[in-house]
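Hi,

Here is the structure I said I would pass on. Have a look at it first, and then read my notes below.

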Amino acid sequence: MSHSMPLRRVTAIAMVAALSYAVFTFLQIKLPLPGGGATSLHLGNAVCVLGALVLGGFSGGLGGAIGMTIGDLLDPVYIVTAPKTFVLKLCIGLVTGFVAHRLGHIDTCADRRHVLRWAALAAAAGLLFNVVADPLVGYAYNRFLLGRSAAEVALVWNVASTSLNAAASAVVSVAAYMALRPVLGRLHLNPPARAHAG
């Protein structure tokens with residue numbers, strides 16, 4: 001048995017990466033911050049969460065992390081924050097995937113209400129992690145690694161934009177997952193569903 005990642009999963013990760021890059025890069029509203037840098041309103045995290053719901057935490061998070069990190073690397077304003085982006089977006093996927101698949105077992109459940117409830121909880125958990133971690137890590141990054149002034153002001157703006165992004169991303173990712181789930185089942189991209197007891 002080969003220990004390499006199956007080609008279909010690699011392709012799926014690449015598709016999540018491409019979609020997250022496109023959404024983050026072309027559908028964002030950039031907000032310059034005092035002292036340098038910027039924050040933005042975007043739905044890149046929605047793609048990361050959707051990837052985790054469909055593919056599992058690591059694969060979905062990796063796809064989202066790759067896509068948004070590439071977006072950072074190709075943007076002169078965000079290039080210095082690319083390492084932070086990769087780690088945080090991967091963690092969004094890991095948290096979302098853990099709640100959705102390890103706790104909620106959404107990939108093997110036929111009960112739509114159960115799946116919706118756990119997909120929403122998983123999205124909320126992954127994005128809540130980001131609401132807390134992104135501004136705090138961003139503050140430390142700006143203050144201590146980049147030596148930027150006005151890091152405290154940037155922290156307030158980051159909290160606001162991250163919270164708005166999280167709310168929008170939660171709604172979009174769960175709605176997209178619930179819409180895609182029947183299609184994924186017909187394409188045999190989900191494991192066989194079983195009835196959920198309780």
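Let's start with Asn165: at 6% relative accessibility, this residue counts as buried (buried is under 20% relative accessible area, exposed over 50%, partly exposed in between, with a 1.4 Å probe and protein chains only). Asn165 sits in helix α6, residues 151–186. Leaving aside residues up to four places away in sequence, Asn165 touches Ser40, Leu41 and His42 (contact means heavy atoms within 4.5 Å).

Before the rest, a word on the source. This is a predicted model, where local features need pLDDT of at least 70 and side-chain atom pairs count only at pLDDT 80 or more, while totals for chains, interfaces and linings use all residues. Residues are numbered from 1 along each chain as its sequence is written, and side-chain values use heavy atoms, with hydrogens and water left out.

Now the overall picture. The protein has 6 helices and 2 strands, taken as DSSP runs numbered from the N terminus (helices are H or I with at least four residues, strands E with at least two). From the N terminus on, the order is α-β-β-α-α-α-α-α. Of the 198 residues, 44% are buried.

Next, the helix pair α2 (residues 44–55) and α3. Their axes come within 6 Å and cross at roughly 155 degrees (axes are lines fitted to C-alpha atoms, for helices over the stretch in contact, and angles run from 0 to 180 degrees between N-to-C directions). On the α2 side, the contact includes Cys48 and Leu55, and on the α3 side, Gly64 and Met68. The contact residues divide into 4 nonpolar, 8 polar and no charged (Ala, Val, Leu, Ile, Met, Phe, Trp, Tyr, Cys and Pro count as nonpolar, Asp, Glu, Lys and Arg as charged, and the others, Gly among them, as polar).

Last, the aromatics: a search of the whole structure finds 2 pairs (rings of Phe, Tyr and Trp, with its six-membered ring, pair if their centres lie within 6.5 Å; planes under 30 degrees apart are stacked, over 60 edge-to-face, the rest tilted). Tyr21 and Phe26 are edge-to-face, 6.0 Å centre to centre with 85 degrees between the planes. Phe24 and Tyr78 are tilted, at 5.9 Å and 40 degrees. Both Phe24 and Tyr78 are buried.

Cheers
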